[in-house]
Amino acid sequence: MKKFSLFIIAAAIAIGFSAFTSPKSSTTYYYQDSSNQWQSIDGSLVSCIPGTVNNCFETINGTSRQIFKSMSTSDPLKYN
Amino acid sequence: MTRKFMTRYIDCVAAAFVLLYLYAGLTKTIHNAEFFHAMLHSPSIAKYANLLSVIIPLSELTLALLLFIPKTRFIGLIGATLLMLSFTVYTISIYSSSHPLPCTCGGIIQQLGWSGHLILNITFLITALLTIILQIRFNDFMIISRSSRKPVEYSRQTIQ
């Protein structure tokens, strides 16, 4: 039992820490609505799959919107 | 270097890996949806996000278990080193890319940022490699009985 003590302590710390770790705050991304106004979107909701298209488009409220990393059209979120 | 010190050192490194992988594995399992979405942001791994969101936490928890059991500790250490090597290669590729991507790492490790994460990974990788080398050299050590001329102890197991 004594030789396991170090590992039991390590496991207890790991379980304790993981139990009290809240989900990470995701990055905020931006898109323009129909009136070209900037709207923010939670990064965890952005899930466009990479392919041959460079820029990320996400369907928001039934409309495909291009996602930007900041409120600038020169800073699109890119994949591949 | 004494035998007792060597055993203690190997145990300490293995326990540190148990702490790291058990924590990372549990955090990724509990917050699996966030982990999956974070991987979708990364162009190199997004295609395999479905598979990796299951395999990575499972591998980490399995390695923590292998490191916990004395008989499988060495195999666990090799596995932990290989996994850490793959994490380090991925971290270097992200760190050197021009697009800042969110960290897919678990829990408080994400607070470190990419540079801090890279330092942590390299530290663990070097420590693990050093421990494997020491373990191999340590296993080659044999004690011969002066009276019977037979090995009385090999590695950490006493031969009857």
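**Helix against helix in chain B**

The axes of α1(B) and α3(B) come within 8 Å and cross at roughly 150°. Axes here are lines fitted to C-alpha atoms, for helices over the stretch in contact, and angles run from 0 to 180 degrees between N-to-C directions. Helices are DSSP runs (H or I, at least four residues), as are strands (E, at least two), and both are numbered from the N terminus. Before going on, keep in mind that this is a predicted model, in which local features need pLDDT of at least 70 and side-chain atom pairs count only at pLDDT 80 or more, while totals for chains, interfaces and linings use all residues. Residues are numbered from 1 along each chain as its sequence is written, chains are lettered from A and ligands numbered from 1 in the order in which they are written, and side-chain values use heavy atoms, with hydrogens and water left out.

Contact means heavy atoms within 4.5 Å. Ala, Val, Leu, Ile, Met, Phe, Trp, Tyr, Cys and Pro count as nonpolar, Asp, Glu, Lys and Arg as charged, and the others, Gly among them, as polar.

Now follow α3(B) to its other neighbours. With helix α4 of chain B (residues 73-96), α3(B) packs at about 150°, the axes being 7 Å apart. Here too α3(B) passes α4(B) in a left-handed crossing. Among the residues making this contact are Leu63(B) and Leu67(B) of α3(B), and Leu77(B), Ala80(B) and Leu83(B) of α4(B). The tally for α3(B) with α4(B) is nine nonpolar, two polar and two charged.

What about α2(B)? Helix α2 (residues 32-40) and helix α3 (residues 49-68) of chain B pack at an angle of about 130°, with axes 9 Å apart. That makes α2(B) oblique to α3(B). α2(B) passes α3(B) in a right-handed crossing. Phe35(B), Phe36(B) and Met39(B) are among the α2(B) residues in this contact, and Leu52(B), Ile56(B) and Pro57(B) are among those from α3(B). Sorted by class, the residues of this contact are eight nonpolar, three polar and no charged. Within α2(B), Phe35(B), Ala38(B), Met39(B) and Leu40(B) are buried. Buried means under 20% relative accessible area, exposed over 50%, and partly exposed in between (1.4 Å probe, protein chains only). The cover over these buried residues includes α1 (3-30) and α3 of chain B.

Tyr23(B) sits in helix α1 and is buried, with a relative accessible area of 5%. Its C-alpha atom is 8.9 Å from that of Glu60(B), 37 residues apart along the chain. Asn121(B) belongs to helix α5 (residues 113-139) of chain B. Is Asn121(B) buried or exposed? Asn121(B) is buried, at a relative accessible area of 3%. Leaving out residues up to four places away in sequence, Asn121(B) touches Met84(B), Phe87(B), Thr88(B) and Thr91(B). The C-alpha atoms of Asn121(B) and Met84(B) are separated by 6.6 Å.

Over to chain A. Chain A has one helix and four strands, which run α-β-β-β-β from the N terminus on. Of its 80 residues, 32% count as buried.

Asn36(A) is in the loop between β1 (28-32) and β2 (38-42) of chain A, with phi near 60°, a positive value in a residue other than glycine. Asn61(A), in the loop between β3 (57-60) and β4 (63-66) of chain A, has a positive phi near 50°. Most residues other than glycine have a negative phi. Asn36(A) is exposed at 54% relative accessible area, and Asn61(A) counts as exposed at 75%.

Notes. Angles under 35 degrees count as roughly parallel, over 145 as roughly antiparallel, 65 to 115 as roughly perpendicular and the rest as oblique. A crossing is left-handed if the near helix is turned anticlockwise from the far one by less than a right angle, and right-handed if clockwise.
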